[in-house]
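Let's take a friendly walk through this structure, one stop at a time. Have the sequence and the 3D view ready as you read.

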Amino acid sequence: MNAVLTGTGAAPIIVRERNTTGKSEVCEGGPMRLIRAKNYDDMSLKAANIIAAQVSLNPKSVLGLATGSTPIGAYKQLAAWYKKGYVDFAEVSTYNLDEY
C-alpha cells in the first residue's frame with residue numbers, strides 16, 4: 001500500500017490507497033502537495049503535525065475532520081499531545097465529515 005498525505009494549504013486529505021487506475025485522486029482548486037509516508041504510523045504522525053501546527057498558528061481554526069478508521073492514528077496522536085498540554089483545542093471549531 002502506498003500511504004500518502006495530500007492537501008492544499010492547511011486542509012490535509014489522507015489517502016491510503018490509489019484508485020483502480022493506479023493514480024491518486026485529484027482534487028480541484030489548485031496545486032496539491034504530496035507528502036510521502038513510510039507507513040500508516042508515519043502518515044498519522046505527519047497528519048497530526050499538520051493539524052497541530054494549524055491550531056498553533058490559529059487557535060480559532062475551523063477544521064474539517066473525517067470519520068472512519070483512516071484518521072484514527074492522527075487523532076490518537078493529537079489526543080496524546082492534548083493530554084500533555086502540547087496543543088489546545090479550546091477555541092477550535094470542527095465539522096465532522098461522515099461518509100461522502
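Helices here are DSSP runs of at least four residues, and they are numbered from the N terminus. Keep in mind that this is a predicted model.

Our opening stop is helix 1, which covers residues 40-57. Which residue forms a salt bridge with K46? The partner is D42, and the closest N and O atoms of the two are 3.5 Å apart. K46 and D42 are four residues apart in helix 1, so about one helical turn separates them. In general, side chains of opposite charge can pair when their charged atoms come close. The two partners can also be described by their accessibility: K46 counts as partly exposed at 27%, while D42 is buried, with a relative accessible area of 18%.

Next, follow the chain into the loop between helix 1 and strand 4, where S61 lies. Is S61 buried or exposed? S61 is buried, because its relative accessible area of 2% is under the 20% cut-off. Leaving aside residues up to four places away in sequence, S61 touches Q54, V55, E91, V92 and S93.

Now move on to strand 4 (residues 62-66), which pairs with strand 5 (residues 93-97) in the parallel sense over five bridges. Within this pairing, L63 has T94 of strand 5 as its bridge partner. Together with helix 2 (residues 72-83), the two strands make a right-handed β-α-β unit.

Finally, look at V62 in strand 4. V62 is exposed, with a relative accessible area of 52%. Along with Y95 and L97, V62 makes a nonpolar surface patch of about 340 Å².

Methods. Residues are numbered from 1 along each chain as its sequence is written. This is a predicted model: local features need pLDDT of at least 70, side-chain atom pairs count only at pLDDT 80 or more; totals for chains, interfaces and linings use all residues. Side-chain values use heavy atoms; hydrogens and water are left out. Two strands pair if DSSP finds at least two bridges between them. A crossover is right-handed if, with the strands pointing away from the viewer, the path from the first strand over the helix to the second runs clockwise. Patches are made of residues with over 30% relative accessible area and no salt bridge: like charges are joined within 9 Å, nonpolar side chains (Val, Leu, Ile, Met, Phe, Trp, Tyr) within 5 Å. Accessible areas come from the Shrake-Rupley method with a 1.4 Å probe; for residues, only the protein chains shown count as cover. A salt bridge is a side-chain nitrogen of Lys or Arg within 4 Å of a carboxyl oxygen of Asp or Glu. Buried means under 20% relative accessible area, exposed over 50%, partly exposed in between (1.4 Å probe, protein chains only). Contact means heavy atoms within 4.5 Å.
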